[in-house]
Amino acid sequence: MNIKISGSGCYIPTQVITNNDFGQFDFRDEKGEPFKDTNERIAKKLQLITGIEERRYVTTELTTSDIGAFAAKKALEDANIDPETIDQIIFAHNFGDIKHGTIQSDIVPSLASRVKQRLQIKNPNCIAYDLLFGCPGWIQGVINAYAMMQSGLAKRCLIIGAETLSRTIDLHDRDSMIYADGAGATIFELTNEEGGILAVNSASYTLEEAFYIHYGKSYHPDLDPDTKYIKMYGRKIYEFALTCVPLAMKACVDKSGIEISRIKKVMIHQANEKMDEAIVQRFYELYDMKMPEYIMPMNIHKLGNSSVATLPTLYNMIINNQLENHQLEKGDILLFASVGAGMNINAFVYQL
């Protein structure tokens, strides 16, 4: 038996936030001092580095569990299966439900339980739980489901990645321009078809790296220091990712036994265009190869970095032929990889 994707869905929020929308923001450095550069120059520099032109935010009435449920419903419809046959619902996120205008995270009950309730699944043997693993959370959910299905504890799993990072950003931190909202969901199940998940790999680096991404106070000195926002040490993350992620990707590919030349697409977490390109280039250098053209699909330009939602959303867009030069066919081999808070890294090799 193999483990394959039978359904996919995503929810892309309707609010489009362009770089121009940050024109009047009061950006500060870590010491609380205003930048000498204009916001226009800051935004242009960010676009050159990250590739982000626009990002999507949820409307005020929606939360992370809401959009996760939207994506899950689409995945179930795509798979054309009875929701009651789902054995596990794994919801990857990092901040829970944060209602508009508040700062408190709500994770009781779990977001997975909320999705199960909204899908009206009665089956008590459908286990619903959350997974916090930074941006690689959706892949880790896939790895967990893979282990459960290999062990015989599950036959069909729904893995959701959703986040509303617009509710966690410090509006005085220029890094706030990177983050976005979104949700993606996939159904993996046992099948007699060839292909599916061929290998997985995962790692956590914590001795020096645990707080590269963390919760911290606003950069504006007049704001309440007890109110926390998502923060990151960008340079340290960049150096860590370029050193460790290509090695983890190679370990996963080598474990699969697949020739590197057979990989059709490298599906990498949409964190930062320049960083992602450098990671994939270094990955191919480990095989003494140049990075192939059109190997790395990107949607960060219009959707921003939505953390755990980037990869399931990217996959959904590609299989629905929504990205130019990135069509897939049955039998194609994909390499999924991600890096994020923890610091965590993971990957899996998948054959359509």
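## Helix H8 and its cover

Helix H8 has these buried residues: Thr310, Leu311, Pro312, Thr313, Leu314, Tyr315, Asn316, Met317 and Ile318. Buried means under 20% relative accessible area, exposed means over 50%, and partly exposed lies in between (1.4 Å probe, protein chains only). The model is predicted: local features need pLDDT of at least 70, side-chain atom pairs count only at pLDDT 80 or more, and totals for chains, interfaces and linings use all residues. Residues are numbered from 1 along each chain as its sequence is written, and side-chain values use heavy atoms, with hydrogens and water left out.

Because 9 of the 10 residues of H8 are buried, the helix is largely enclosed by the rest of the structure. Helices (H or I, at least four residues) and strands (E, at least two) are DSSP runs, numbered from the N terminus. What covers the buried residues of H8? The cover includes S1, helix H4 (137-151), S7, strand S11 (263-268), helix H7 (300-303) and S12. Contact here means heavy atoms within 4.5 Å. After H8 comes Asn321, with a positive phi near 55°.

H8 lies across S11 and S12 and runs at about 140° to S11. Axes are lines fitted to C-alpha atoms, for helices over the stretch in contact; angles run from 0 to 180 degrees between N-to-C directions. S11 and S12 pair in the parallel sense over 5 bridges. Two strands pair if DSSP finds at least two bridges between them. Across this pairing, Lys265 stands opposite Leu334 in S12.

These strands belong to an open sheet of 4 strands, in the order S8-S13-S12-S11, with mixed pairing. Its edge strands are strand S8 (196-204) and S11, and each pairs on one side only. From one strand to the next, the twist averages 10°. Helix H4 also packs on this sheet. H4 touches S8, S12 and strand S13 (344-351), and its direction makes about 60° with that of S13.

## The five-stranded sheet

Another open sheet has 5 strands, ordered S1-S7-S6-S4-S5, and its pairing is mixed. Strand S1 (2-11) and strand S5 (127-131) are the edges; each pairs on one side only. Neighbouring strands are turned by 20° against each other on average, direction ignored. Strand S4 (residues 88-92) runs parallel to S5, and 5 bridges join them. Which residue in S5 is the bridge partner of Phe91? It is Asp130.

Helix H2 (residues 64-79) packs on this sheet. H2 touches S1, S4, strand S6 (156-164) and strand S7 (181-191), and its direction makes about 130° with that of S1. Helix H3 (residues 111-118) packs there too, touching S4, S5 and S6. The direction of H3 makes about 140° with that of S5.

## Aromatic pairs

Rings of Phe, Tyr and Trp (its six-membered ring) pair if their centres lie within 6.5 Å; planes under 30 degrees apart count as stacked, over 60 as edge-to-face and the rest as tilted. The count comes to 15 aromatic pairs. Phe22 and Phe25 form an edge-to-face pair, 5.0 Å centre to centre with 65° between the planes. Phe22 is buried at 2% relative accessible area, whereas Phe25 is partly exposed at 26%.

The pair of Tyr315 and Phe336 is tilted, because the ring centres are 6.2 Å apart and the planes are at 50°. This pair links distant parts of the chain: Tyr315 sits in helix H8 (residues 310-319) and Phe336 in strand S12 (residues 333-340), 21 residues apart. Buried or exposed: which is Phe336? Phe336 is buried, with a relative accessible area of 0%. Tyr315 is buried too, at 4%.

Asn39 lies in helix H1 (residues 39-50) and is buried at 14% relative accessibility. A polar contact is a pair of N or O atoms within 3.5 Å; within protein, one must be able to donate a hydrogen and the other to accept it, and residues adjacent in sequence count only if both atoms are side-chain atoms. A polar side-chain atom of Asn39 lies 3.0 Å from the backbone oxygen of Phe22. The Asn39 side chain also reaches the backbone oxygen of Gly23 at 3.1 Å. Leaving aside residues up to four places away in sequence, Asn39 touches Phe22, Gly23, Gln24, Phe25 and Phe27.
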